[in-house]
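Here are my notes on the model you sent over. Have it open while you read, and go through the points in order.

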Amino acid sequence: MSFETTEELELIWESIKNEMDATKTISESSYNTWFSNFRLVSLDNNKIVFSAANELKRKMIVSNFSDFLRSCIASTIGECPKLEIICDAPQMEANNPVVLY
């Protein structure tokens with residue numbers, strides 16, 4: 001099992017999202033807060049990789065929703081390979097802080 005095209009990955013992610021919604025385990029507001037801009041970036045026999053919009057969302061999903069996400073993945077594709085969640089946003093470097101005014 002390996003999915004290469006964006007269209008295939010988007011269809012699988014839509015199916016996983018439908019499973020997440022069907023379980024009613026998390027509220028719509030929690031889903032919208034933490035899973036907005038969350039996307040499936042790769043899937044093969046050994047690993048499924050998602051990307052979160054930023055590090056805060058990545059940490060929150062890993063800490064609070066990873067078991068739920070694994071369950072929905074397994075319900076959708078029959079198993080849950082190793083789950084990895086990466087961050088879309090580049091990491092801030094200590095020597096190059098962002099200054100907000």
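1. The lining of the largest pocket splits into three nonpolar, three polar and three charged residues. Here Ala, Val, Leu, Ile, Met, Phe, Trp, Tyr, Cys and Pro count as nonpolar, Asp, Glu, Lys and Arg as charged, and the others, Gly among them, as polar. The lining residues are Lys17, Asn18, Met20, Asp21, Ile26, Ser27, Glu28, Tyr31 and Asn32. Helix H1 (6-23) and helix H2 (28-35) are the elements that give two or more of them, and H1 gives the most, with four. (Helices are DSSP runs of H or I, at least four residues; strands are runs of E, at least two; both are numbered from the N terminus.)

2. That pocket has a volume of about 170 Å³. A pocket is an open set of points on a 1 Å grid, where a 1.4 Å probe fits, with protein on both sides within 12 Å along at least five of seven lines; lining residues have an atom within 4 Å of a point. The volume is the space filled by probe spheres set on the points, which are joined across faces, edges and corners.

3. Keep in mind that this is a predicted model: local features need pLDDT of at least 70 and side-chain atom pairs 80 or more, while totals for chains, interfaces and linings use all residues. Numbering starts from 1 along each chain as its sequence is written, and side-chain values use heavy atoms, leaving out hydrogens and water.

4. How many salt bridges does a search of the whole structure find? Six, taking a side-chain nitrogen of Lys or Arg within 4 Å of a carboxyl oxygen of Asp or Glu. Glu14 pairs with Lys17 at 2.8 Å; they sit three residues apart in H1, about one helical turn. Arg58 and Glu55 also meet at 2.8 Å, again three residues apart, in helix H3 (residues 55-64). Lys24 reaches Asp21 at 3.7 Å, and Lys24 is exposed at 61% relative accessibility. Glu14 is partly exposed at 38%. (Buried is under 20% relative accessible area, exposed over 50%, partly exposed in between, with a 1.4 Å probe and protein chains only.)

5. Now the inside. The largest nonpolar core has 22 residues, and Trp13, Ile16, Phe35, Phe38, Phe50 and Leu69 touch the most other members. Such a core is a set of buried Ala, Val, Leu, Ile, Met, Phe, Trp, Tyr and Cys residues joined through side-chain atoms within 4.5 Å. H1 gives the most to this core, with five residues.
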